[in-house]
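Dear colleague,

I am passing on the structure below, and after it you will find notes on what came out of the analysis. Please read them with the coordinates open.

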Amino acid sequence: MNLARHPRVPLSPWPTPLEECPRLSAALGGPHVWVKRDDLTGLGLGGNKVRKLEYLLGEAVRKGCDTVITTGSLQSNHARLTAAACRRLGLEVTLVLEPGVDPSGRPRDPRDLPPLQGNILLDRLFGAEVVISEDDSEEALTEKMDEVASSLAARGRRPYVIPLGGTNPVGVLGYVQAALEIAWQASSKDIVFDHVFVATGSGGTQAGLHLGLALFMPGVRVHGVTVSREAEASARRVDGLVAETADLLGLSSNPAPPAVVHGGYVGEGYGIPTEAGWEAIVLAARTEGLVLDPVYTGKALSGLIGLIRAGRLGPSERVLFVHTGGAPGLMAQAEALEGHLSRREGREE
């Protein structure tokens with residue numbers, strides 16, 4: 001296996017920090033928790049998608065493409081970081097975004113969008129062309145991207161289409177590389193992790209960690225906490241990505257066990273905050289000064305907390321929580337966060 005043979009463009013200084021969280025661990029009564037700070041990837045306010053984009057845009061540059069098209073929700077971290085990365089590389093960028101739901105959880109009318117804030121504000125700052133889709137299904141978003149790509153090609157542009165979340169075998173390479181980085185850091189700190197936890201949406205981050213840690217830290221158990229699909233569907237998706245990425249890397253066999261994805265922490269749906277997620281966000285902030293988001297990392301930490309409280313993780317075990325970023329999305333949920341804090345402070349009085 002040779003990761004270096006796959007084109008890659010540098011978008012961030014590496015490695016990101018690996019930090020111990022003693023106050024969070026104490027508040028949870030164990031296990032011993034560390035955090036991998038992939039919120040500190042530098043570009044465009046940071047996040048896990050930078051690792052995927054190094055390989056995806058490496059391929060785009062190698063192919064001589066001049067315009068990148070990708071998709072996501074209105075508050076997509078992936079879209080924001082794609083826009084930032086394209087500006088770093090001198091590429092044009094079009095974002096096909098679905099309007100998502102309103103604060104009550106109902107589908108939002110694409111003609112009645114909220115004020116510019118959070119990720120969508122940064123998309124505008126980076127000068128991305130934004131196309132709002134009226135259909136939020138993954139199939140419809142893909143069709144819309146293909147339509148935009150065909151229109152650009154007809155005008156003489158050379159488009160490169162990146163799927164939802166940057167999730168395909170090329171993007172997954174970013175987290176195979178991250179697993180190698182984690183293995184090196186853990187060895188240098190003389191830490192043996194028992195478990196690694198990460199939010200699972202489109203599945204690429206977990207797939208890369210799952211394959212990479214099977215190669216570089218065999219024995220560690222990778223846990224996804226789904227923030228969108230049902231757990232079983234998410235696990236099947238991760239397993240498929242792992243197999244495809246193993247083939248891309250030329251591995252003679254797939255070394256990874258079946259994926260583990262935990263459900264029960266999504267709440268009413270993708271992008272809709274949960275009370276457990278808010279509790280996890282406040283706990284991380286007030287014990288370690290960590291800023292999580294209500295779509296991904298807050299729900300992922302609420303899953304870790306839930307498993308600890310259920311006795312599924314022992315107090316002496318060592319757990320690595322992968323912080324995938326998303327702080328701009330928190331800023332777009334200011335009213336909901338204030339509501340949670342007010343309710344919390346009312347309970348504490």
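The second largest pocket has a volume of about 190 Å³; a pocket here is an open set of points on a 1 Å grid over the protein atoms alone, where a 1.4 Å probe fits, with protein on both sides within 12 Å along at least five of seven lines, and lining residues have an atom within 4 Å of a point. The volume is the space filled by probe spheres set on the points, which are joined across faces, edges and corners.

This is a predicted model, in which local features need pLDDT of at least 70 and side-chain atom pairs count only at pLDDT 80 or more, while totals for chains, interfaces and linings use all residues. Residues are numbered from 1 along each chain as its sequence is written, and side-chain values use heavy atoms, with hydrogens and water left out.

Among the residues lining this pocket are L28, E279, L283, I305 and R344, and α9 (275-288) gives the most, with five residues. Helices are DSSP runs of H or I of at least four residues, numbered from the N terminus, and strands are runs of E of at least two; the protein chain has 12 of the former and 10 of the latter.

Buried residues, meaning those under 20% relative accessible area with a 1.4 Å probe and protein chains only, make up 55% of the 349 in the chain. Among contacts (heavy atoms within 4.5 Å) between residues at least 6 apart in sequence, 80% join residues at least 24 apart. Along its principal axes the C-alpha trace spans about 60 × 50 × 35 Å.

Best regards

How values were computed
Buried means under 20% relative accessible area, exposed over 50%, partly exposed in between (1.4 Å probe, protein chains only).
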